[in-house]
Amino acid sequence: MKFTMTLEEKASLLSGKDFWFTKAIPRLGIESWMMTDGPHGMRKQKASAEMVALTDSIPATCFPSGAGFASTWNPALVAEMARAMGIEARAEDVRVLLGPAINIKRSPLCGRNFEYLSEDPFLAGEIAKAHIEGMQNVGVGASVKHFAANNQEKFRMAVDAVVDERTLREIYLPAFERAIRGAKPWTVMCAYNRLNGTYCSQNQKLLTDILRDEWGYDGVLVTDWTACDDRVAGLVAGQDLEMPGNGGVNDRLVVEAVRSGKLDESFVDRAVERLLLLQERATGNHTAPEFDPEAHHALAKRVAAESAILLKNDRAVLPVAHGKKVALIGEFAKKPRYQGSGSSHITPTRLSCLADALTVTFPDLAYARGYSVESDVPDQALIAEAVSAARAADVAIVCAGLTDIYESEGFDRQHMRLPASHVALIEAVAQANPATVVVLSNGAPVEMPWAPRVPSILEAYLAGQAGAEAIADIIAGKVNPSGKLAETFPIRLEDTPCYLNFPGTPQRVEYREGIFVGYRHYDSVKREVLFPFGHGLSYTTFEYEDLAVSGTIHPDGTGTVTVACTVRNTGVVAGKETVQFYVSPKDNEAPRPEQELKGFTKVSLDAGESARVSVSLDARAFSWYDIDQGAWRVSAGRYEIRASSSSRDARLVGEIVLEGSYRQKKRWYRTDTLSEVLLYPELRKEAEDTLKFIHSKFANASRPGTAEDLMMETMFLEMPLRGISQFIGPEGEDYLTRLLERLNA
Ligand code: BGC
């Protein structure tokens, strides 16, 4: 079709007609179609709303936001959720829903963490893959976003994220890689920010070298809304669709650039081909499906129930037995905080609140407002009223968290504290009633200086329109909580690895903590945390038995290691456990995190029941990105494999020894060292012979076992090879010349 299109027509296809629609070419039967937000439900602006009208959209099911649904550790459930979102989109003739949003949580302060999934790229990648598959299976495209290194809101549209190659490969790209290779999203959305000096929207390395050439991506690369800087450079770098399109200004630039010879038309054709492929996918089957909003509400409740994380439950304060006197405290119980602000904001089809939902089981519950959602200043009268309600009850449930103004797309938090009015209320209620439960509604970690005085804490995140019903079921014991943290809750902001380098200056943020993000940092430096990555309690207990590690990874990267163990529900109620498998390399040739998540499985077990769970680990699970080789590599040596209930709760530990990957042959120079030569098994003998040669020239120079001897030995191994000549003279120079010839043969 592109052959019958004029240049103007082709260029016109490459930018939006308006905020949400692509352009049509009626003469060729090309339709205009809609894409819209977002990651946890559809935000389709009302027909009247042409530009940004964030809160004026038609009703759609509001599922828990990303921070919540990632905490389910349940890809199948996430796929079911995304499927429902896709069905709602189809019913409204929306062809692409702009999500999932999967940027790594570098700092707990990022205003958009409520939308994002995890601090861990493996978990984020697995959840994203399920999300994309679930949605695309019903014929609605995903747009995995924001590619890449968009880890803060502050300065997001201009800042240059300076990220070293290894960190990019090991932390900020793998979730995208996993999702894109595994689920083939119809579109990928590039981020606003620059990456290492170049806007992501025109970053050749990111959009073509990595995304297209390495990962084999054939879909459409859409800009984040207004992220296009230099349209022509963007096209060359691999960008396809500019959104929202600026009234055709850039279409004309593209045409001019081709006509003046500045831009090869093949770049336009390439983007048009991808657009046409998307067009084909998007117009596949668009009969509007029937769906039952009540069923989707019930699904939103199920997702919320698995999203909630029981952080603490001393003396088994939860669940609350039927018939107990309950005081429900805090205005969030009537005005829930259930979603975040910005482009993901949904008009829900319904909205539950805890005051109503809990009354079903506890009809006599007493409600006290405790604070006003409008004010951070503690209101002593409201607190006094709450305290007396708490005193008169068997159990006091305090609803606390962050109000809208604390976290949103577009800005970051300044600190990790709760509003002072919530903190004062929690402290007062906990003093009045030892059986106090705090239910938190927030999109990202908060400090909890009050935690030692509160026996039970339930993290609900932003639980969506049915969240309150799920929380009520957990409180009443109708649902056994099974969420696990997809991020670490640090004790203090100052403990976070990027504390000194976040958010940088308006034009530049340096990711100086490197690969040590989240638990990779806390575990490596043995820092105490408030609640670790992977943590989450249950009303039952689980025991792990019989770890088995089998298989191997071959030097050419083939092979798999299978890890299996048995989990037993040793309590008296049914429950779900997520078994987490971490790999901890023991013989490091480069700095490595203490451990990394490489597999997980969630199992549902009746009381007394047990199940065998297993995961299969490929070469990547053991690899690090070796920038010298420009490749992923497994180091030779020992690896501990842990079957854990959280990152800080390894239940079973096994070990495997791997041979390590072949290294690609490199060219050897006088500036290389013998210690590098030694890393290549096939060159080992050369290295040893060379050492012997050097020693023979320094006979009796030092006594074995002395500091001098160690110094010489270390120096010979670590000096540039030219040292052979410099220490020994002409004979050394001859030796060196021949050595380099042999190494490079
Ligand atoms: C956000 C995207 C969103 C787009 C359209 C941008 O500001 O960063 O996530 O999809 O707007 O609303």
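1. Rings of Phe, Tyr and Trp, the last taken by its six-membered ring, are treated as a pair if their centres lie within 6.5 Å. On that basis, ring pairs link Trp 73, Phe 122, Tyr 519, Phe 533, Tyr 582 and Phe 600 into a cluster. The model under discussion is a predicted one, and the points below should be read with that in mind.

2. Trp 20 and Trp 225 form a tilted pair, with 5.8 Å from centre to centre and 35° between the planes. The pair links distant parts of the chain, since Trp 20 is placed in the loop between α1 (7–13) and β1 (34–37), while Trp 225 is in the loop between β8 (220–223) and α8 (231–237), 205 residues apart. Both Trp 20 and Trp 225 are buried.3. The pair of Trp 73 and Phe 533 has ring centres 5.6 Å apart and planes at 55°, so this pair is tilted. Trp 73 lies in the loop between α2 (66–70) and α3 (75–91) and Phe 533 in the loop between α16 (519–524) and β16 (542–551), so the pair ties together parts that are 460 residues apart in sequence. Trp 73 counts as buried because its relative accessibility is 0%, and Phe 533 is likewise buried, with a relative accessible area of 0%.

3. A polar side-chain atom of Arg 112 is placed 2.7 Å from an oxygen atom of the ligand. For His 146, an N or O atom of the side chain is 2.7 Å from a ligand oxygen atom, and for Asp 224 a side-chain N or O atom is also found 2.7 Å from an oxygen atom of the ligand. Taken alone, the ligand exposes 310 Å², of which the protein buries 93%.

4. Two peptide bonds deserve a look from anyone checking the backbone. The bond from Phe 147 to Ala 148 is cis, with omega near 10°, and Ala 148 belongs to the loop between β3 (141–147) and β4 (160–162). The bond from Leu 318 to Pro 319 is cis as well, with omega near -5°, and Pro 319 is found in the loop between β9 (309–313) and β10 (326–329).

5. Positive phi values also occur in residues other than glycine. Thr 226 has a positive phi of about 80° and is located in the loop between β8 and α8. Ala 316 has phi near 45° and lies in the loop between β9 and β10; with a relative accessible area of 53%, Ala 316 lies over the 50% cut-off and is therefore exposed.

6. How many of the 10 residues of helix α6 (residues 174–183) are buried? The number is 7, so the helix is largely enclosed by the rest of the structure. The buried residues of α6 are Pro 174, Ala 175, Phe 176, Glu 177, Ala 179, Ile 180 and Ala 183. These buried residues pack against α4 (121–136), β3, α5 (165–172), β5 (187–190) and α7 (204–214). Just after the helix, Lys 184 takes a positive phi of about 45°.

7. Gln 279 is placed in helix α10 (residues 265–282). At 12% relative accessibility, Gln 279 falls under the 20% cut-off and therefore counts as buried. Neighbours within four places in sequence being left aside, the contacts of Gln 279 are with Ile 30, Glu 31 and Trp 33.

8. Ala 357 is in helix α12 (residues 354–359) and is buried, with a relative accessible area of 14%. The C-alpha atoms of Ala 357 and Ala 470 are separated by 8.6 Å, although these residues are 113 residues apart along the chain. Not counting residues up to four places away in sequence, Ala 357 touches Ala 468, Glu 469 and Ala 472.

Key:
Residues numbered from 1 in each chain as written. Predicted model: local features only at pLDDT ≥ 70, side-chain atom pairs only at ≥ 80, totals over all residues. Heavy atoms only, no water. Polar contact = N/O pair within 3.5 Å; in protein donor to acceptor, adjacent residues only side chain to side chain. Areas by Shrake-Rupley, 256 points an atom, 1.4 Å probe, with all protein chains shown as cover. Helix = DSSP H or I, 4+ residues; strand = E, 2+ residues; numbered from the N terminus. Buried < 20%, exposed > 50% of the residue type's maximum accessible area, 1.4 Å probe, protein only. Contact = heavy atoms within 4.5 Å. Phe/Tyr/Trp six-rings, centres within 6.5 Å; stacked < 30°, edge-to-face > 60°.
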